[in-house]
Amino acid sequence: MSVAVVVFPGTNCEHDVVRALDVIGTDAELVWHRDTDLSGADGVVLPGGFAHGDYLRTGAIARFSPVMVEVNRLAGEGRPLLGICNGFQILCEAGLLPGALIANRDLRFICRWTHVRVEDAFTVLTRAAEEGDVLRLPLNSYEGNYVPDPEGAAGQVAFRYCGPGGEIGEAHNPNGSHDAIAGIVNEAGNVGGVMPHPERAVEDVLGSTDGRLVLESFVASLELVHG
Amino acid sequence: MRVRVDIVRRPGIADPEGATVRRALREMGFDTVTDVHFGRTIFVDVDEGDAGKAEALVQEMCERLLANPVIEDFTVSALHEAGEEAAP
């Protein structure tokens with residue numbers, strides 16, 4: 001299995017993603033946003049950062065990068081596609097996921113541990129986990145506040161922000177996201193966006209290894225399509 | 001032809017800058033201010049002499065890139081050289 005990790009100008013989490021995938025035994029390759037050859041990729045990750053400086057709107061310019069033609073095609077074929085933080089924002093702007101991400105409710109850049117609960121265990125983000133599992137992941141964003149499509153397009157909720165015991169409520173919603181949504185997938189379940197950073201929670205030295213479940217879900221999805 | 005685009009947050013989408021400035025204005029004594037909304041203005045210069053065609057082009061630009069319809073509404077208007085609105 002090989003994963004393409006896309007790098008836009010301003011992306012800054014790509015090396016962490018490659019390392020995290022390596023930790024769980026999966027090969028990954030960096031792909032520059034102007035490359036159009038993803039023929040060797042079984043799946044794609046759009047990592048975190050500030051693609052195109054968040055100019056116009058966060059993620060708005062990245063969707064026009066040449067690589068996105070191939071990314072769109074792979075997504076349409078049912079290949080696994082994972083967007084983390086800025087990657088999630090790009091997927092929403094690209095129309096691969098419904099909704100949008102706007103400024104956090106309290107207008108603070110949030111950089112802290114959060115808990116998320118697995119709401120649906122049959123997605124690219126969660127198939128290695130079980131419904132109700134609580135994961136401790138780092139959140140690191142200013143525009144993490146999820147707003148649904150006005151028509152209420154169905155995106156399946158994969159993760160909700162929660163308390164340490166899985167409790168859902170405003171007190172446990174760090175950024176005001178609608179319905180405490182921390183991660184969603186498309187209707188087909190192969191494209192997933194998650195706001196907190198699973199790649200920063202894969203080794204004990206980082207403070208949590210719960211992020212492995214998200215990446216292992218993504219890798220399991222590669223094997224499903226490949227097999 | 002210069003075309004002006006005004007983009008505002010859709011009603012119901014949080015506008016914290018607007019809320020903050022509303023509070024500040026009322027505290028300054030402008031207590032008849034009921035609400036403040038911030039938007040963005042973008043000027044697009046198009047090599048097109050007909051105002052209607054220029055507006056239609058920029059309308060498409062708004063739908064495809066300049067505005068995000070999930071969270072924003074927009075208006076488009078072509079301007080005369082003097083900076084006035086073009087006649088419909």
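Trainee: Does Arg160(A) count as buried or exposed, and at what relative accessibility?
Mentor: Buried means under 20% relative accessible area, exposed over 50%, and partly exposed in between (1.4 Å probe, protein chains only). This is a predicted model, in which local features need pLDDT of at least 70, side-chain atom pairs count only at pLDDT 80 or more, and totals for chains, interfaces and linings use all residues. Residues are numbered from 1 along each chain as its sequence is written, chains are lettered from A and ligands numbered from 1 in the order in which they are written, and side-chain values use heavy atoms, with hydrogens and water left out. By that scale Arg160(A) counts as buried, at a relative accessibility of 15%.

Trainee: With which residue does Arg160(A) form a salt bridge?
Mentor: A salt bridge is a side-chain nitrogen of Lys or Arg within 4 Å of a carboxyl oxygen of Asp or Glu. The closest N and O atoms of the pair of Arg160(A) are 2.9 Å apart. The pair links distant parts of the chain, 41 residues apart, with Arg160(A) in strand 9 of chain A and its partner in the loop between strand 6 and strand 7 of chain A; helices (H or I, at least four residues) and strands (E, at least two) are DSSP runs, numbered from the N terminus. The partner is buried at a relative accessible area of 16% and is Glu119(A).

Trainee: With which residues is His115(A) in contact, leaving aside its neighbours within four places in sequence?
Mentor: His115(A) is found in strand 6 (residues 110-118) of chain A. Contact means heavy atoms within 4.5 Å. On that criterion the contacts of His115(A), its neighbours within four places left aside, are Val134(A), Leu135(A), Arg136(A), Arg160(A), Tyr161(A), Cys162(A), Gly163(A) and Pro164(A).

Trainee: Which strands of chain A stand at the edges, each with a single partner strand?
Mentor: The open sheet has 9 strands in the order 2-1-3-4-11-10-9-6-7 (chain A), with mixed pairing; two strands pair if DSSP finds at least two bridges between them. The edge strands each have a single partner, so one side of each is left without a neighbour in the sheet; they are strand 2 (27-32) and strand 7 (134-141) of chain A.

Trainee: At about what angle does helix 1 of chain A run to strand 1 of chain A?
Mentor: Axes are lines fitted to C-alpha atoms, for helices over the stretch in contact, and angles run from 0 to 180 degrees between N-to-C directions. Helix 1 (residues 14-23) of chain A lies across strand 1 (2-7), strand 2, strand 3 and strand 4 (81-84), and runs to strand 1 at about 170 degrees.

Trainee: What phi does Cys85(A) have, although it is not a glycine?
Mentor: Most residues other than glycine have a negative phi. Cys85(A) is placed in the loop between strand 4 and helix 3 (86-93) of chain A and counts as buried, at 5% relative accessibility. Its phi is positive, about 60 degrees.

Trainee: In chain B, how many bridges join strand 1 to strand 3?
Mentor: Strand 1 (residues 2-9) of chain B also pairs with strand 2 (residues 39-45) in the antiparallel sense over 7 bridges, and Val5(B) stands opposite Ile42(B) there. Towards strand 3 (residues 72-79) of chain B, Val3(B) stands opposite Ala78(B). Strand 1 and strand 3 of chain B run antiparallel, and the bridges that join them number 8.
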